[in-house]
Amino acid sequence: MKIHEYQAKAVLAKYGVPVPRGEVAFTPEEVHDIAKRLGGSISVVKAQIHAGGRGKAGGVKLARSGGEAETIARELLGRTLVTYQTGPAGQKVFRLLVEEGLQIDQELYLGLVLDRSSQRIVLMVSKEGGVEIEKVAEEHPEKLHKVFINPAVGLQPFEAQKLGFALGLSGDSLKKGVKMMLALYNAFIATDASILEVNPLIVTKSGDLLALDAKMNFDDNALFRHPDIRELRDVAEEDPLEVEASKFSLNYIRLDGTIGCMVNGAGLAMATMDIIKLSGGEPANFLDVGGGANAEQIKNAFRILMMDKNVKAVLINIFGGILRCDVLAAGVIAAVKELGVPVPIVIRMKGTNVEEGKKMLAESGLNFATADTMGEAADKVVALAGGRK
């Protein structure tokens with residue numbers, strides 16, 4: 001789950017991470033009032049969307065008065081912001097963060113993420129803050145410094161100090177940097193975060209360190225432990241079909257292709273998408289209905305697949321273990337009869353009660369195509385969807 005910058009800063013502040021003074025606003029009038037309340041000669045008005053690259057897209061602007069801040073707000077609110085992370089469709093701006101202006105001496109980068117190869121959390125820093133860190137990692141990997149944190153003891157002060165030296169910090173700024181890194185690690189662990197990124201982490205003219213920007217994502221499977229964080233979810237920033245799928249405990253991610261996929265098991269779902277591409281097609285989604293899916297979930301899965309108008313054909317690929325093949329067949333038949341699925345459906349089943357399931361499909365009177373292997377199923381569904389791309 002993603003949250004907005006202003007929400008991430010509020011979370012980090014609870015763990016002692018210094019952040020600029022600021023407030024969220026939903027109307028131009030609120031922006032005007034907040035800018036005046038913050039005082040100072042400059043305030044910053046920042047569009048709040050779940051994507052990076054806002055500055056380059058015109059979503060971050062400086063204001064020298066409350067009136068100017070209000071004018072900027074009228075330009076930004078309701079605008080569709082297109083960045084390198086949103087794709088061409090962009091994301092509409094519904095809220096703004098208004099912050100105090102700061103005297104910036106340095107812009108640095110800091111990030112925490114789970115490194116799956118080492119099975120440890122890695123803390124990364126770079127002097128190249130305020131830019132796309134992916135480019136830095138690709139073009140100048142020597143400028144990215146890392147510590148792989150032992151989960152048994154957590155981030156140690158000497159490790160944070162080592163990264164502080166790599167950033168060129170010294171004196172009080174180094175002490176503040178070490179303290180900040182330890183606080184960020186504690187926030188990451190305590191909230192079950194999956195990503196925590198501060199870009200830029202700034203050093204002010206007075207030597208203070210603050211998180212000028214903040215991005216946090218959280219492990220969906222741990223949200224039951226954090227009802228306060230779960231309340232921060234903004235479904236307006238998410239794909240409507242993915243939001244709908246989450247209501248029925250369906251693991252669904254929308255893609256750009258034309259072949260709808262319904263599979264049980266994440267590994268099999270990934271393999272199914274791969275073999276569709278090998279056969280010349282493009283998957284329209286990742287959809288794992290889970291090992292224990294019932295007829296009602298299958299019906300809801302079908303309904304969500306059909307809400308995507310790009311879907312030209314559906315491939316159902318099920319290994320009948322916990323989810324028996326006859327239960328799947330019953331659910332598919334009921335869903336098609338009730339929803340009137342208007343596209344061709346290819347079904348490949350293996351496992352428990354497979355012969356009974358196939359018999360039910362054959363006797364349903366509905367026009368299903370069946371296959372015995374994944375390759376055969378992929379070839380059939382690609383052809384029914386309009387052939388190789």
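User: Where does Glu-244 sit?

Analyst: Elements first: helices (H or I, at least four residues) and strands (E, at least two) are DSSP runs, numbered from the N terminus. Here, Glu-244 has its place in helix H8. A quick word on the model: it's a predicted one, where local features need pLDDT of at least 70 and side-chain atom pairs count only at pLDDT 80 or more, while totals for chains, interfaces and linings use all residues. Residues are numbered from 1 along each chain as its sequence is written, and side-chain values use heavy atoms, with hydrogens and water left out.

User: Is Glu-244 buried or exposed?

Analyst: Buried means under 20% relative accessible area, exposed over 50%, and partly exposed in between (1.4 Å probe, protein chains only). Glu-244 is buried because its relative accessible area is 15%. Contact means heavy atoms within 4.5 Å. With neighbours within four places in sequence set aside, Glu-244 is in contact with Arg-303 and Ile-304.

User: And Ala-236, buried or exposed?

Analyst: Ala-236 has 54% relative accessibility, so it counts as exposed. You'll find Ala-236 in the loop between helix H7 (227-230) and helix H8 (240-246).

User: How do I read a nonpolar core?

Analyst: In soluble globular proteins, nonpolar side chains tend to be buried together. A nonpolar core is a set of buried Ala, Val, Leu, Ile, Met, Phe, Trp, Tyr and Cys residues joined through side-chain atoms within 4.5 Å. In this model the largest one has 40 residues, and Leu-112, Leu-184, Leu-196 and Met-216 touch the most other members. H6 supplies the largest share of this core, nine residues. Leaving out residues up to four places away in sequence, Leu-184 touches Leu-12, Val-17, Leu-110, Leu-112, Leu-196 and Val-198. There's also a second, separate core of 34 residues, with Tyr-252, Ile-304, Leu-305 and Val-354 among them.

User: How many disulfides are there?

Analyst: A disulfide is a covalent bond between the sulfur atoms of two cysteines. The rule used here is a pair of cysteine sulfur atoms within 2.5 Å. That gives a count of zero. Take Cys-261: its closest cysteine sulfur, in Cys-325, is 18 Å away, so that's too far for a bond. Cys-261 is buried, at 1% relative accessible area, and Cys-325 counts as buried at 0%.

User: Which residues lie nearest the centre of the second largest pocket?

Analyst: Those are Leu-114, Phe-188, Ala-193, Ser-194 and Asp-219, out of 13 lining residues. This pocket's volume is about 280 Å³. E10 gives the most to its lining, with three residues.

Notes
On a 1 Å grid over the protein atoms alone, a cavity is a set of points where a 1.4 Å probe fits but cannot get out, and a pocket is an open set with protein on both sides within 12 Å along at least five of seven lines; lining residues have an atom within 4 Å of a point. Grid points are joined across faces, edges and corners, and a volume is the space filled by probe spheres set on the points.
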